[in-house]
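Me: Hi! I have a structure open and would like to talk it through with you. Could you take a look with me?

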Amino acid sequence: MSEAIKPEIAEKIKQLEKKFKNSGQDLGSYLDGLLHDRYLTYWDYIHLDTLLSLQIPRTHFPDEEIFITYHQITELYFKLIIHELKQVIDDKLQNAAFFTAKINRVNRYFRVLITSFDVMIKGMDKEQFLKYRMSLLPASGFQSVQFRLIEIYSTPLVHLVGTKDRAEFSEQDPLGEVFEHLYWKSGATDIETGEKTLTLKQFEYRYTPRMMRIANQVKSSTIFHKYHELPEKEQNNVHLIEALRTFDTNVNINWLLMHMGAAHRYLNREKGAVLATGGTNWKSFLPPSFQRIMFFPNLWSEEEKENWGQQWVTHQFNTTHKSSV
């Protein structure tokens, strides 16, 4: 005699039958599929074998694998950051608690990236790096489209224009015109001739359509806009303000300073700096005090803007680290 079906199981079967009936499907067919389906394994679920096959060095130097793997890890964190930013942009609740929770997640991801950057600064042999880097030309971390998308999702394009030209543009200007003056383009352009490096040409050819499509999608709904659309009481929420200031600091100061540290160790020398693999002039491009990019300029005092990237950075980061654990 077969064992009686438990009432709670019978109820679940009825719910499943109703679900599939409403969609025009047959529950029995789905149950047959479950009978024949394999058990899910950890390695299949995360596609482990595929993931571990993606590190393909171009040279025989062992430390190149560290370089590749760390950059791939970084891009995965960027994906998680974009995942959270898009949820804020799509949110209709206008609730500071939800907003703060998502930005704190973003800050947590950036904290991991910033604190783990010692892998790049101290975790590779300098002589190996200076040799295998020559096989990477003209590829460069400059070409990370996900980092550029984080910027586009976060703030109006006019806030990303280089300091020299920023006063000439407003949110009313066509996005295509503003896009041509974004600060990072000058980092891969010859100052004397105005000629773009191959690194920049490749990047623009591959990703400009995607970046412009997203810039148009979020033209009035970036994280900056979403904050200013909140009711006044929600805008004044101290936890949200602190989260947004921390986000600004992490992306536009601390993340850049970590890259400065790596560039200084591997590319600096007494007789002049070595150019980055993409031909970018990192000494003029990376310092946050030069570009003064701020996602939320209205959340900073004039003194803080004036000292952007020069003071209070260590204190700000240490405070953030303690408060967000």
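What follows is a chat about this predicted model, from the overall fold down to single residues.

Me: What about the inside? How many residues are in the largest nonpolar core?

Reply: There are 68 residues in the largest nonpolar core, and Phe110 and Phe247 have the most contacts inside it. Helix H15, residues 238-267, gives the most to this core, with nine residues.

Me: Which residues does Phe110 touch, if I skip its neighbours within four places in sequence?

Reply: Phe110 is then in contact with Phe78, Ile81, Phe147, Ile150, Phe247, Asn250, Val251 and Trp255. Phe247 is on that list, and Phe247 is also the other residue named with Phe110 for the most contacts inside the core.

Me: What does its side chain make a polar contact with?

Reply: The side chain of Glu151 makes a polar contact with the side chain of Tyr183, at 2.3 Å. Beyond its neighbours within four places in sequence, Glu151 is in contact with Leu160, Tyr183, Trp184 and Phe295.

Me: I'd like to compare another glutamate. Where is Glu84?

Reply: Glu84 is in helix H5, residues 64-90. It is buried as well, because its relative accessible area is 2%.

Me: Which side chain does Glu84 have a polar contact with?

Reply: Its partner is Arg105: a polar contact of 3.1 Å joins the two side chains. With neighbours within four places in sequence left aside, Glu84 is in contact with Lys102, Arg105, Val106 and Tyr109.

Me: Changing topic: how many cavities of 30 Å³ or more are there?

Reply: The structure holds one cavity of that size. About 110 Å³ of space lies in the largest cavity.

Me: What lines the largest cavity?

Reply: It is lined by 14 residues, and Pro156, Leu157, Val158, Leu175 and Lys219 lie nearest its centre. The lining divides into eight nonpolar, three polar and three charged residues.

Me: Now the backbone. What is phi of His47?

Reply: Phi of His47 is near 50°, a positive value in a residue other than glycine. Most residues other than glycine have a negative phi. His47 lies in the loop between helix H3 (42-45) and helix H4 (48-52), and it counts as exposed because its relative accessibility is 52%.

Me: And what about phi of Arg292?

Reply: Phi of Arg292 is near 50° too, again a positive value in a residue other than glycine. Arg292 is in the loop between helix H17 (288-291) and helix H18 (302-306). At 25% relative accessibility, Arg292 counts as partly exposed.

Me: Quick one on a histidine in a helix. Where is His228, and what does it touch beyond neighbours within four places in sequence?

Reply: His228 is in helix H13, residues 223-229. Its contacts on that basis are Gln235 and Asn298. His228 counts as partly exposed, because its relative accessibility is 35%.

Me: Last one: Lys131. Buried or exposed?

Reply: Lys131 is exposed, with a relative accessible area of 51%. Lys131 lies in helix H8, residues 126-132. The C-alpha atoms of Lys131 and Glu64 are separated by 9.8 Å, and the two residues are 67 residues apart along the chain.

Me: Great, thanks for going through it with me!

Notes: Residues are numbered from 1 along each chain as its sequence is written. This is a predicted model: local features need pLDDT of at least 70, side-chain atom pairs count only at pLDDT 80 or more; totals for chains, interfaces and linings use all residues. Side-chain values use heavy atoms; hydrogens and water are left out. Helices (H or I, at least four residues) and strands (E, at least two) are DSSP runs, numbered from the N terminus. Buried means under 20% relative accessible area, exposed over 50%, partly exposed in between (1.4 Å probe, protein chains only). A polar contact is a pair of N or O atoms within 3.5 Å; within protein, one must be able to donate a hydrogen and the other to accept it, and residues adjacent in sequence count only if both atoms are side-chain atoms. Contact means heavy atoms within 4.5 Å. On a 1 Å grid over the protein atoms alone, a cavity is a set of points where a 1.4 Å probe fits but cannot get out, and a pocket is an open set with protein on both sides within 12 Å along at least five of seven lines; lining residues have an atom within 4 Å of a point. Grid points are joined across faces, edges and corners, and a volume is the space filled by probe spheres set on the points. Ala, Val, Leu, Ile, Met, Phe, Trp, Tyr, Cys and Pro count as nonpolar, Asp, Glu, Lys and Arg as charged, and the others, Gly among them, as polar. A nonpolar core is a set of buried Ala, Val, Leu, Ile, Met, Phe, Trp, Tyr and Cys residues joined through side-chain atoms within 4.5 Å.
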